Amino acid sequence: MSKVIFHVDLDQFFAAVEMRDNPNLRGKPILVGGSPGGRGIVTTASYEARKYGVRSGMPMHEALQKCPQAICVRSDTSRYVDASRRVRDVLIDYTDRVEFISIDEAAMDVTDVVWHWPGVGALAHEIQERIEREVGVTASVGAAASRCVAKLASGMNKPRGFTHIPPSKIGEIMGPLPIEEMNGIGPATSHVLHGLGIRTLHELAIYPTEILRRKLGVRGPELQLLARGGGNSTVMRSDELPPEKSMSHETTFHEDQTSADAILGRMMLLAEKVARRMRTARLTGRVVTVKIRYKGFETVHQQRKLARFVYMESDIFMAAKKIFEEIYDPSRPVRLVGVDVSQLVPMARVLQQELFAPRQDRDALTHACDDIKEKFGANLIGYAGNMLGPKDRFHSARRGREFGAISFRFNGMNGR
């Protein structure tokens, strides 16, 4: 029996979460993303907005030119992460072989469990109904013997769709499709293949392999294998996944920033996000890197190897602050800043005494804040230093009116 891989793709995910939480938005063109007045981009467009040619990744101002009646909604990552985790809880009820490829896409290996249902479709429909009932968003599911084909299938009948491409139907269903439909063929590769007269997946599947290798290197035969319905069919359990080598966050300022305090305040927020992800993954790291992109897109990086492994935002920020002060040119406006921690290893590999002995009080406070954010959202509690800048003060004040926000700060972490 061939494997049965599901690719679960949450439909218009960010927009769906917004519509779930505000039913007045349903059926309307919605653009989720950054500020329409600045450099914001569209992270998700509702299906109603896509009819006007709006796509994810498009600058918000360009999207509004195509769809002026669209309603712009600022992204709220904490609610999207929460919904994604609840979807994961649903999927893990069926098999422990679940890999989340991104916040709104997952692969499942249901080979060993699908026989409990009348058919592949029955299992897929039950999963779709549970996601809609328990999380309030919809999903499209593709099923196939390989991950690549399952992903292709998931996009063929959206939203709420289900498409099964068994090995016996690959040539019939996939063959006529344009090569651009297959994951991994971007504009550059498409241009090369078009130059060879290859327009469809069938043409790619039967093309002489050696010519593909000469034109595209090892990628050529790999793409041909995918076009024939092959490729990776392994979905690993969470404990089998290779550890991440680094974790980072970066942000582009609404306007080019000239205030070192404001930049450091944003770096503190980035350090907090990185540290929280590290704690969730039970990882600790030793190399901190700061990225600064100035107006004009010149980008500088600098890293520092620390004397010990760290996982607390205070340690990460203090290291990042020193690096920033070494490389920052105050005469030049800053467009983007980022913080990265690498050389990650599991916390269990680092001596408990080194990690925990001197920081028990701070650990307790940090973990308490992690729990609060997990339950009520990432914006409820944060460092006072994150409030630098008029927009951030407004943001905090607004949150305060809604939720009674509080802030805390450690000595030396106010960014000044």
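The second largest pocket is lined by Asp 9, Glu 105, Lys 151, Leu 152, Ser 154, Gly 155, Met 156, Lys 158, Leu 177, Glu 180, Glu 181 and Asn 183. The structure is a predicted model, in which local features need pLDDT of at least 70 and side-chain atom pairs count only at pLDDT 80 or more, while totals for chains, interfaces and linings use all residues. Residues are numbered from 1 along each chain as its sequence is written, and side-chain values use heavy atoms, with hydrogens and water left out.

**Second largest pocket**

- The space in this pocket comes to about 320 Å³; a volume here is the space filled by probe spheres set on grid points, which are joined across faces, edges and corners.
- A pocket is an open set of points on a 1 Å grid over the protein atoms alone, where a 1.4 Å probe fits, with protein on both sides within 12 Å along at least five of seven lines; lining residues have an atom within 4 Å of a point.
- Helix H6 (residues 147-154) gives the most to the lining, with three residues; helices (H or I, at least four residues) and strands (E, at least two) are DSSP runs, numbered from the N terminus.
- Six charged, three polar and three nonpolar residues make up the lining, where Asp, Glu, Lys and Arg count as charged, Ala, Val, Leu, Ile, Met, Phe, Trp, Tyr, Cys and Pro as nonpolar, and the others, Gly among them, as polar.

**Backbone geometry**

- Most residues other than glycine have a negative phi, and most peptide bonds are trans.
- The peptide bond from Lys 158 to Pro 159 is cis, with omega near -5°, and Lys 158 is also one of the residues lining the second largest pocket.
- Pro 159 lies in the loop between H6 and strand S8 (162-165).
- Arg 160 is in the loop between H6 and S8 and has a positive phi of about 60°, although it is not a glycine.
- Gln 12, in the loop between strand S1 (5-10) and helix H1 (13-21), has a positive phi near 35°.
- Gln 12 counts as buried because its relative accessibility is 14%; buried means under 20% relative accessible area, exposed over 50%, and partly exposed in between (1.4 Å probe, protein chains only).
- Arg 282, which follows H12, has a positive phi near 55°.

**Aromatic pairs**

- The whole structure holds five aromatic pairs, a pair being two rings of Phe, Tyr or Trp (its six-membered ring) with centres within 6.5 Å; planes under 30 degrees apart count as stacked, over 60 as edge-to-face and the rest as tilted.
- One of them joins Phe 13 and Phe 14, a tilted pair at 5.8 Å centre to centre with 50° between the planes.
- Phe 13 is buried at 2% relative accessibility, and Phe 14 is buried at 16%.
- Tyr 94 and Trp 117 also form a tilted pair, with 5.8 Å centre to centre and 45° between the planes.
- This pair links distant parts of the chain, 23 residues apart: Tyr 94 is in the loop between helix H4 (77-92) and strand S5 (98-102), and Trp 117 is in the loop between strand S6 (105-109) and helix H5 (120-135).
- Tyr 94 counts as buried at 9% relative accessibility, whereas Trp 117 is partly exposed at 22%.
- Phe 13, Phe 14 and Tyr 80 are linked into a cluster by ring pairs.

**Charges over rings**

- Arg 286 lies over the face of Phe 309, at 5.4 Å from the ring centre; the criterion is NZ of Lys or CZ of Arg within 6 Å of the ring centre and within 35 degrees of the ring normal.
- The charged end of Arg 332 sits over the ring of Tyr 294, 4.4 Å from its centre.

- Helix H12 (residues 260-280) has 21 residues and should span 30 Å at 1.5 Å a residue, which agrees with the 30 Å between its end C-alpha atoms; the expected span is 1.5 Å times one less than the number of residues.
- Val 274 lies in H12 and is buried, with a relative accessible area of 0%.
- Ile 316 belongs to helix H13 (residues 313-327) and is buried at 0% relative accessible area.
- Ile 316 and Val 339 are 23 residues apart in sequence and 8.6 Å apart C-alpha to C-alpha.
- Gln 343, in the loop between strand S12 (334-342) and strand S13 (345-346), is partly exposed at 40%.
- From Gln 343 to Val 288, 55 residues apart along the chain, the C-alpha separation is 9.1 Å.
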